[in-house]
Amino acid sequence: MIFQQTLGNKVTFSGIGLHTGKTITITLRPADPGTGVVFHRVDLTPAVSIEAHATNVVNTKLNTTIGNGEATVSTIEHLMAALYGCGIDNAHIDINGPEVPIMDGSAAPFIAAIAKAGVKESKKARKYLVVKKPVTVTEGDKKASIIPSRHYKISFDLNFPHPAVKSQSRSLEFSQSTFADEFASARTFCFLAEVEMMKAHGLALGGSLDNAIVIGDQGVLNPEGLRFQDEFVRHKILDSVGDMSLAGHRLIGHVKASKSGHDLNHKLVMELLKRPDCYTLIEFTPQAFNAPFNIALPELSWLEA
């Protein structure tokens with residue numbers, strides 16, 4: 001798809017905030033081409049608008065939070081992943097609280113809401129951010145990179161010293177169907193030993209077995225078990241899709257991450273954006289571009305397969 005898209009109609013839903021524990025209502029509305037994704041804190045007087053962009057990220061502790069002055073919206077990553085995964089470039093998001101509801105802990109309920117609203121195509125072409133040179137950020141044994149590629153791809157490795165998780169690796173070569181079918185329903189997770197500590201710091205106040213995988217000493221505590229054998233790493237890739245979408249454009253490059261999280265994801269996006277020699281913005285036209293992930297342009301001959 002080479003043209004910008006928005007929602008066909010508005011759609012409203014409510015849920016509990018994972019960290020605030022508050023019931024929050026959200027309305028997704030169509031937006032004009034070039035708008036991007038904009039959150040509106042309608043519970044404030046006057047309402048405060050916050051563009052979902054990496055430059056507006058104000059906190060990355062256990063979630064991704066954007067802000068404008070004193071107004072913030074936290075835990076945006078799953079909704080942002082769903083919007084990106086459904087091909088939505090432009091949307092207004094009215095929210096009556098400081099946190100996107102966690103729903104079932106995955107992006108699947110948001111994808112269902114977007115499907116209910118429908119998708120509308122504009123006549124304005126998309127701009128793709130195409131990676132030209134590798135960019136890497138590291139913190140101790142954590143690492144995240146984005147390198148040139150003909151496709152948008154995310155490869156993730158994680159390792160936890162727990163028998164229920166251990167080492168997991170997975171790759172997503174992005175397409176809307178692959179993301180929706182194989183990654184969108186992967187849920188957020190935490191360790192039981194961390195829950196009380198998080199609550200003591202005012203976090204995870206709305207967390208439960210209905211909206212997160214909880215891992216105890218003997219394994220997963222959720223009675224239904226896991227949705228995928230490697231649900232943990234799939235969710236990490238889901239988070240990465242949401243965090244990387246804050247670059248502001250559709251991406252063409254290969255993200256490689258090891259033990260990364262929201263903080264390192266954000267630092268990778270910011271490092272990329274501050275190095276214009278490492279990327280190019282290309283507005284593809286129907287004459288020059290046959291499919292988003294099958295580039296055959298002379299000026300992109302430096303790309304590897």
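**Salt bridges across the fold**

Analyst: At 33% relative accessibility, glutamate 139 is partly exposed (buried is under 20% relative accessible area, exposed over 50%, partly exposed in between, with a 1.4 Å probe and protein chains only). The model is predicted: local features need pLDDT of at least 70, side-chain atom pairs count only at pLDDT 80 or more, and totals for chains, interfaces and linings use all residues. Residues are numbered from 1 along each chain as its sequence is written, and side-chain values use heavy atoms, leaving out hydrogens and water.

Glutamate 139 forms a salt bridge with lysine 267, 2.2 Å from N to O (a side-chain nitrogen of Lys or Arg within 4 Å of a carboxyl oxygen of Asp or Glu). Glutamate 139 sits in strand S12 (residues 135-139) and lysine 267 in helix H6 (residues 262-273), so the pair ties together parts 128 residues apart in sequence. Helices (H or I, at least four residues) and strands (E, at least two) are DSSP runs, numbered from the N terminus. Lysine 267 is partly exposed, at 35%.

Arginine 170 meets glutamate 182 at 4.0 Å, N to O. Arginine 170 belongs to strand S15 (residues 166-173) and glutamate 182 to helix H3 (residues 176-182), so this bridge ties together parts twelve residues apart in sequence. Arginine 170 is partly exposed at 27%; glutamate 182 is partly exposed at 32%. Both join Asp230 and Arg234 in a network of salt bridges.

Arginine 187 pairs with glutamate 231, with the closest N and O atoms 2.8 Å apart. Arginine 187 lies in the loop between H3 and strand S16 (189-191), glutamate 231 in helix H5 (residues 231-244), so parts 44 residues apart in sequence are tied together. Both residues are buried. The whole structure holds 15 salt bridges.
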